[in-house]
Amino acid sequence: MALLTENGDIKDKEYGDFTAEMYAEGHSFFTYISDNADSLSSCCRLRNEITDNGFSYTLGAGGVSTGSKSVLTINLNRCIQYAARKGIHWQFFLEEVVDLVHKVQIAYNENLKYMQEKGMLPLFDAGYINMSRQYLTIGVNGLVEAAEFLGIPITDNPEYEHFTQEVLGMVEKANKKFRTKDLMFNCEMIPAENVGVKHAKWDKRDGYQTKRDCYNSYFYVVEDESLNILDRIRLHGRKYIEHLTGGSALHLNLAEHLSKEQYRQLLRVATQEGCNYFTFNIPNTVCNECGHIDKRNLTACPKCGSEKLDYLTRIIGYMKRISNFSVPRQKEAAVRHYAPNPKSQVA
């Protein structure tokens with residue numbers, strides 16, 4: 001659901017109410033809110049700035065067409081710890097890494113152009129994809145872990161806000177530096193469904209500080225029980241996501257569904273905090289005996305009474321049986337904090 005905002009609330013009250021009603025009924029989807037219509041959300045967290053609003057046919061030919069042709073991810077935790085090992089201030093080292101990543105992306109783009117010249121990219125030739133209108137994405141992962149290494153509390157505090165602004169602002173500055181008429185860059189807090197596990201594994205192997213087996217894909221620690229729903233919305237608000245032109249997504253993990261009125265209030269809070277892309281995750285119950293699926297988080301099947309259950313939730317983007325997650329992701333899912341009904345928090 002895409003919603004425009006105005007004066008600290010959803011502009012179209014009817015659609016704001018409808019969105020809250022759909023969440024209250026247990027439907028699972030992402031909501032994108034903005035005070036203007038110059039951005040496009042096109043996957044589980046991608047947000048692309050639209051600089052020209054061309055005409056777009058119903059079938060999608062022409063007009064606005066965008067996406068990423070390459071994503072290259074920086075492991076922030078490793079970079080900052082490597083700099084500490086070498087006695088280098090982390091800002092200087094990270095600037096070098098960010099600069100190198102952009103140059104690698106440019107080289108990748110040149111290779112794409114070469115392949116197109118040789119007739120190896122038929123979808124580009126047919127006009128389904130416009131190379132000059134796709135982004136070269138600089139992904140970031142390990143932001144929370146890097147802050148933890150530096151001793152910065154992962155809460156809404158001035159030190160963490162400054163650290164986040166400094167790191168992501170550095171990437172955005174480089175994006176503008178390397179941008180040309182035919183090259184567009186953006187910065188994204190990537191989902192890291194697989195690479196979040198790999199980064200933690202590789203860093204642990206090489207002796208770097210790692211507190212968990214899967215790096216966070218959010219601005220908060222997913223297992224932290226001290227943060228309430230409002231804290232998590234605030235940590236994905238405008239102060240933290242300002243430089244993420246490629247986007248981020250907040251997953252609000254809840255133990256149970258809220259009422260329409262509660263969801264509606266959370267839409268207002270997200271609007272006021274500048275949290276522009278989010279969803280609510282309540283584990284859906286799957287009965288392994290009769291196959292019944294219930295949108296609630298239950299301990300027994302309401303249809304046959306069986307306790308042989310599985311649960312559907314998101315790894316990061318798509319809903320999936322937890323039993324079908326990778327083993328490291330199952331471990332991460334087991335420690336996720338699902339907040340109780342926050343009646344006192346959204347009054």
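Hi everyone. Let's start inside the protein: strand E13 gives the largest share of the lining of the largest cavity, with 3 residues. Before I go on, please keep in mind that this is a predicted model.

As for its space, the largest cavity holds about 90 Å³.

Who lines that space? A set of 15 residues does. If you want to find the middle on your screen, look for Ser28, Phe280, Asn281, Ile282 and Asn284, which lie nearest the centre of the cavity. Two elements give two or more residues to this lining: strand E10, residues 277–281, and strand E13, residues 309–314. And what kinds of residues are they? By class, the lining has 6 nonpolar, 7 polar and 2 charged residues.

Now let's move to a helix. H11 runs over residues 327–335, and I'd like you to look at its two sides. Which residues of H11 are buried? They are Arg329, Glu332 and Ala333. Seen down the axis of H11, these buried residues fall within an arc of 100 degrees, so they line one face of the helix. Remember that buried here means under 20% relative accessible area.

Notes
Residues numbered from 1 in each chain as written. Predicted model: local features only at pLDDT ≥ 70, side-chain atom pairs only at ≥ 80, totals over all residues. Heavy atoms only, no water. 1 Å grid on protein atoms, 1.4 Å probe; cavity = no way out; pocket = protein on both sides within 12 Å on 5 of 7 lines; lining within 4 Å. Points joined across faces, edges and corners; volume = space filled by probe spheres on them. Helix = DSSP H or I, 4+ residues; strand = E, 2+ residues; numbered from the N terminus. Nonpolar A, V, L, I, M, F, W, Y, C, P; charged D, E, K, R; others polar. Buried < 20%, exposed > 50% of the residue type's maximum accessible area, 1.4 Å probe, protein only. Arc of directions from axis to C-beta.
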